[in-house]
Each structure stands twice: as structure tokens, then as C-alpha cells.
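Dear colleague,

Please find below the sequence and structure that I am handing over to you.

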Amino acid sequence: MRLMRERHLVLVKEMDAHYKAIEAETQEHFAEFLEKWKRLAKNKIEQYRIAFILLKQEKEERESEQRHIIGEFTEKTKRLKDEYDYLLVRYNNVLELGRVEGRDKEELLHTQYDGELSRFCLLYTSPSPRDLSTSRMPSSACKKKKKKK
């Protein structure tokens, strides 16, 4: 029994040594595994950081473009509103002129038209000497005149 006991103790010590070797190897593999995943995680974090920076720049560029477009539309809207107000005032003036008592609308329009037209009419002056050198009568009328003489 004693021999059995000694063998048993030797076996337990050997098993303990093997167990410690297995545990050390497992710890080593686990440490390598963790290092590998740390490197991969760092690389992914760096990739995400770069992607985030690029997306942030793209977002800022789009916002700048949108502000520019909104500014252009705001200016165009203001111009259109001013034009609308101007046309509305002109329309109201025409309506008001149509309501003037004692005046015929047609006469009123002719008066306005004549006033506008007078700015563009050319004044006819006396004929130039060149105009007097040729007869203004048609050639057939000239022949009849000669026959009568």
C-alpha cells in the first residue's frame, strides 16, 4: 500500500505539472489572442475615426452648399416679391384710373397712349434739296402732263 501511495503521489505530481504546463500554454495563447484583437480593434477604431472625419467634412460642405442655395433662393424670392408688389401697385393704379368719374375709359387710355407715344415720335422737317431734285409724281402722271402741252 505504501508503494501504491507513493505511486499515487508521483502521479498526482505529474498531473499537477502537466496541468500547470497546459495552463501556462493556455494563458500564453489567450494573451496572444488578446494582443491580436487589440491590434484589430485599434485598426478598426482608426478606420472609423478617418471615416467619421471624412463624413463630417462632407456634411459641412453640403451644409455650406445648402446655405448658399438658400441665400440665392432668398434673393430671388425678394426680387420676385418686389416685382409682384410693383405690378400690384400698377394694377391698382389702372383700376383706380378706371374709376375716375366723368371720364371715358377709352379716352383715358388714349390720353395715356398719346403721352407715351409722344416720347417716341419723330418730327418731320422740310424736304432736303435732294428730295426736290426728283419729281414725286408717278411716271404715268408725268406722261399725261407732257401730252396735254
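**Findings**

Glu 35 is partly exposed, with a relative accessible area of 41%; by definition, buried means under 20% relative accessible area, exposed means over 50%, and partly exposed lies in between (1.4 Å probe, protein chains only). The side chain of Glu 35 meets that of Lys 38 in a salt bridge, at 3.8 Å from N to O. A salt bridge here is a side-chain nitrogen of Lys or Arg within 4 Å of a carboxyl oxygen of Asp or Glu. Both Glu 35 and Lys 38 lie in helix α1, three residues apart, about one turn of the helix.

**Basis of the model**

This is a predicted model, in which local features need pLDDT of at least 70 and side-chain atom pairs count only at pLDDT 80 or more, while totals for chains, interfaces and linings use all residues. Residues are numbered from 1 along each chain as its sequence is written, and side-chain values use heavy atoms, with hydrogens and water left out.

The term pLDDT denotes the predictor's confidence in each residue, from 0 to 100. For the protein, the mean pLDDT is 79, and 64% of the residues reach 70 or more. Confidence is highest in α1, at 93, and lowest in helix α4 (residues 139-148), at a mean of 50. Where pLDDT is low, the predicted coordinates should not be read in detail.

**Overall architecture**

The protein has four helices and zero strands, and its elements run α-α-α-α from the N terminus on. Helices (H or I, at least four residues) and strands (E, at least two) are DSSP runs, numbered from the N terminus. Of the 149 residues in the protein, 1% are buried. The protein exposes about 15400 Å², of which carbon and sulfur atoms supply 60%; accessible areas come from the Shrake-Rupley method with a 1.4 Å probe, and for residues only the protein chains shown count as cover.

**Further salt bridges**

Side chains of opposite charge can pair when their charged atoms come close. How many salt bridges does the structure hold? The total is seven, including the one between Glu 35 and Lys 38.

Another joins Arg 49 to Glu 46, with the closest N and O atoms 2.6 Å apart. These two residues are both in helix α1, three residues apart, about one turn of the helix. Arg 49 counts as partly exposed because its relative accessibility is 42%, and Glu 46 counts as partly exposed at 35%.

Lys 59 and Glu 63 also meet through their side chains in a salt bridge, at 3.6 Å from N to O. Being four residues apart in helix α1, they are separated by about one helical turn. Lys 59 counts as exposed at 52% relative accessibility, whereas Glu 63 is partly exposed at 31%.

**Aromatic residues and the nonpolar patch**

A pair of aromatic rings is described by the distance of the centres and the angle of the planes. Rings of Phe, Tyr and Trp (its six-membered ring) pair if their centres lie within 6.5 Å; planes under 30 degrees apart count as stacked, over 60 as edge-to-face and the rest as tilted. By this rule the count is two aromatic pairs. Phe 30 and Phe 33 have ring centres 6.5 Å apart and planes at 25°, so this pair is stacked.

Phe 30 is found in helix α1 (residues 2-98). Phe 33 lies in helix α1 as well, three residues from Phe 30, about one turn of the helix. Phe 30 is partly exposed at 47% relative accessibility, as is Phe 33 at 43%. Together with Trp 37, these two residues form one aromatic cluster.

Which residues form a nonpolar patch on the surface? They are Phe 30, Phe 33, Leu 34, Trp 37 and Leu 40, with about 490 Å² of accessible area together. Patches are made of residues with over 30% relative accessible area and no salt bridge, where like charges are joined within 9 Å and nonpolar side chains (Val, Leu, Ile, Met, Phe, Trp, Tyr) within 5 Å.

Yours sincerely
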